[in-house]
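Reader: I am new to this structure and would like to learn how to read its features. Could we take them one at a time?

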Amino acid sequence: MVMRVGHDGKTYILDGERFLVYGGTLQFFRVPRKDWEDRLERMKGHGLNTVDTYVAWNWHEPEKGSFDFTGETHPQRDLIGFLELAERLDLKVIIRPGPYICGEWRNGGIPDWLIDEHPEILAKGPNGPLPRDIYYPPVTYLHPVYLKAVSEWYDAVLPVIRDYLYTKGGPIISVSIDDEPSYWETIFQPFLTDYNDVIVKPGGLWEEWLRRNYSLDELGERYGIPIGDYSEVYAPASENEPLPKILDWHHFKIWMTNRYVETLYNHLKRYIDIPISILDPYLLLAAWRHFYRYVREKNLDIHLWTEFWYSFYRSFDLKEDRLGHVYYKTGIYRFYRRKLGTPPLSIETQASLAHTIEPDEAEHLYSLIASLGIHNINYYLYVGGENPRGYESHNGITWDVYSPIGLDGSERPHVGPIKWLGEFLLNNPDFVNSELRPRVAFGTYEPYEAVSLFGLRGALPRA
């Protein structure tokens with residue numbers, strides 16, 4: 001029997017049957033092996049039908065060329081055992097093999113041995129190398145040495161994942177690309193990164209992008225100076241540069257992100273015959289138009305997912321800007337997700353990383369997301385855990401910040417609204433067909449988003 005994963009633009013279709021994703025994130029590498037079954041059983045008891053997890057590159061390849069996916073060197077490296085357990089418990093799986101996972105995990109998953117052997121892959125600031133002690137050492141995505149290492153990681157982990165795809169009779173229904181590819185501030189700050197040699201050298205990526213987009217005469221007109229050769233156009237490194245050049249530098253970095261995503265997608269397609277997805281292509285929402293145009297031009301079938309992080313507020317103290325942001329983000333997301341035609345999913349709906357989450361405020365956010373057209377929901381981080389020694393990031397060892405299921409197995413009060421919403425969504429399958437009639441509309445001019453964020457409003461012409 002041939003197993004298939006499809007979709008109708010609203011939900012996933014598993015062998016002809018609609019499947020609404022209602023899941024939670026359990027990072028198996030942070031939870032003691034002996035507790036996996038108990039935690040997954042509890043998740044099922046809360047009404048969840050899917051478990052989401054990262055696969056951390058540096059955890060499974062602690063030394064170059066030495067891979068462990070069976071728990072031989074540490075029981076919490078048993079990726080295969082985790083997938084088989086999820087399958088036995090009839091939980092579907094969403095898997096995110098990086099190469100970068102963020103996740104408050106050492107280097108975001110990038111191995112120390114790779115950075116130590118090849119420091120040239122690290123992104124640079126305008127004045128040279130950045131400090132090594134920052135949370136997630138930023139890497140130049142398109143550096144050939146980094147891409148070669150990523151290819152080798154994929155060639156090791158993807159055959160394991162392939163054996164457990166739904167189409168092979170396993171539990172995995174989607175594989176995700178990287179994690180927020182602009183997280184390393186690549187496009188979030190104008191002059192922090194990336195001035196790596198492969199980018200700014202004559203004939204490098206910056207020059208390639210300029211050649212693709214402008215003639216020399218057009219560049220001279222944009223920047224207000226005569227330009228005789230593309231190599232004369234240095235990457236901007238301060239606010240003293242013409243605003244059009246700063247915006248070009250910003251759009252160039254978006255293009256680099258898109259090209260990187262395309263590279264990973266093409267590698268995944270060699271092994272994966274189920275939906276490939278991405279979480280928020282950039283942290284700048286208005287800029288998503290560049291992602292949409294790129295994937296359409298390159299014919300990349302990538303499912304667009306989103307997230308909601310609002311560092312919980314108490315519902316009796318709800319600020320209008322919080323509510324407005326939910327409407328704004330769901331509006332932008334609905335627009336591009338609908339154009340791409342893929343099912344809506346909030347893959348990281350905040351369920352942790354807060355001192356306390358009151359049940360009423362949780363119900364407010366979760367039900368609002370569903371009522372605004374995002375019916376597939378995954379809660380992050382659903383199960384608290386600990387970082388194995390040597391893999392801590394800025395958060396230290398314990399990584400249970402009010403997750404619905406705590407590190408000790410205790411359950412927090414916001415499990416209640418999670419159960420309630422799951423019962424409603426899963427028992428009312430026609431809800432996803434409800435016509436959405438939002439009464440809020442947004443208009444935005446994409447370059448203003450970046451200029452405002454960069455603190456360069458004074459550079460805008462005044463009417």
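Author: We can start with burial: Asp 35 is buried, with a relative accessible area of 14%. Buried means under 20% relative accessible area, exposed means over 50%, and partly exposed lies in between, with a 1.4 Å probe and protein chains only. This is a predicted model, in which local features need pLDDT of at least 70 and side-chain atom pairs count only at pLDDT 80 or more, while totals for chains, interfaces and linings use all residues. Residues are numbered from 1 along each chain as its sequence is written, and side-chain values use heavy atoms, with hydrogens and water left out.

Reader: Which residue forms a salt bridge with Asp 35?

Author: A salt bridge is a side-chain nitrogen of Lys or Arg within 4 Å of a carboxyl oxygen of Asp or Glu. Here Lys 34 pairs with Asp 35, and their closest N and O atoms are 3.3 Å apart. Lys 34 counts as exposed because its relative accessibility is 70%. Lys 34 and Asp 35 also belong to a network of salt bridges with Asp 38, Arg 39, Arg 42 and Glu 411.

Reader: How many salt bridges does the structure hold?

Author: There are 27. One of them joins the side chains of Asp 112 and Arg 106, at 2.7 Å from N to O. Asp 112 is partly exposed at 26%, and Arg 106 is partly exposed at 31%. Another joins Glu 435 and Arg 437, with the closest N and O atoms 3.3 Å apart; both of these residues are exposed.

Reader: How far from Asp 178 is the nearest side chain of opposite charge?

Author: For charge, Lys and Arg count as positive and Asp and Glu as negative, while His and the chain ends are not counted. Asp 178 is buried without a salt bridge, and the nearest side chain of opposite charge, Arg 96, is 10 Å away. A polar atom of the Asp 178 side chain does lie 3.1 Å from the backbone nitrogen of Tyr 100. Asp 178 sits in the loop between strand 9 (172-176) and helix 6 (197-200). Helices (H or I, at least four residues) and strands (E, at least two) are DSSP runs, numbered from the N terminus.

Reader: Which residues does Asp 178 touch?

Author: Contact means heavy atoms within 4.5 Å. Leaving out residues up to four places away in sequence, Asp 178 touches Gly 98, Pro 99, Tyr 100, Tyr 141, Tyr 260 and Leu 264.

Reader: Where does helix 5 bend?

Author: The bend at a residue is the angle between axes fitted to the seven residues ending there and the seven starting there. Helix 5 bends by about 25 degrees at Ala 156, and Pro 159 follows within four residues. The buried residues of helix 5 include Tyr 146, Trp 153, Ala 156 and Ile 161. Among the elements that cover them are helix 3 (79-88), strand 9 and helix 9 (243-268).

Reader: How many residues of helix 9 are buried?

Author: Helix 9 is mostly covered, with 22 of its 26 residues buried.

Reader: In which loop does Pro 344 lie, and is Pro 344 buried or exposed?

Author: Pro 344 lies between helix 11 (320-340) and strand 12 (345-350). Pro 344 is buried, with a relative accessible area of 4%. Beyond its neighbours within four places in sequence, Pro 344 is in contact with residues including Gly 9, Lys 10, Tyr 333 and His 375.

How values were computed:
Polar contact = N/O pair within 3.5 Å; in protein donor to acceptor, adjacent residues only side chain to side chain.
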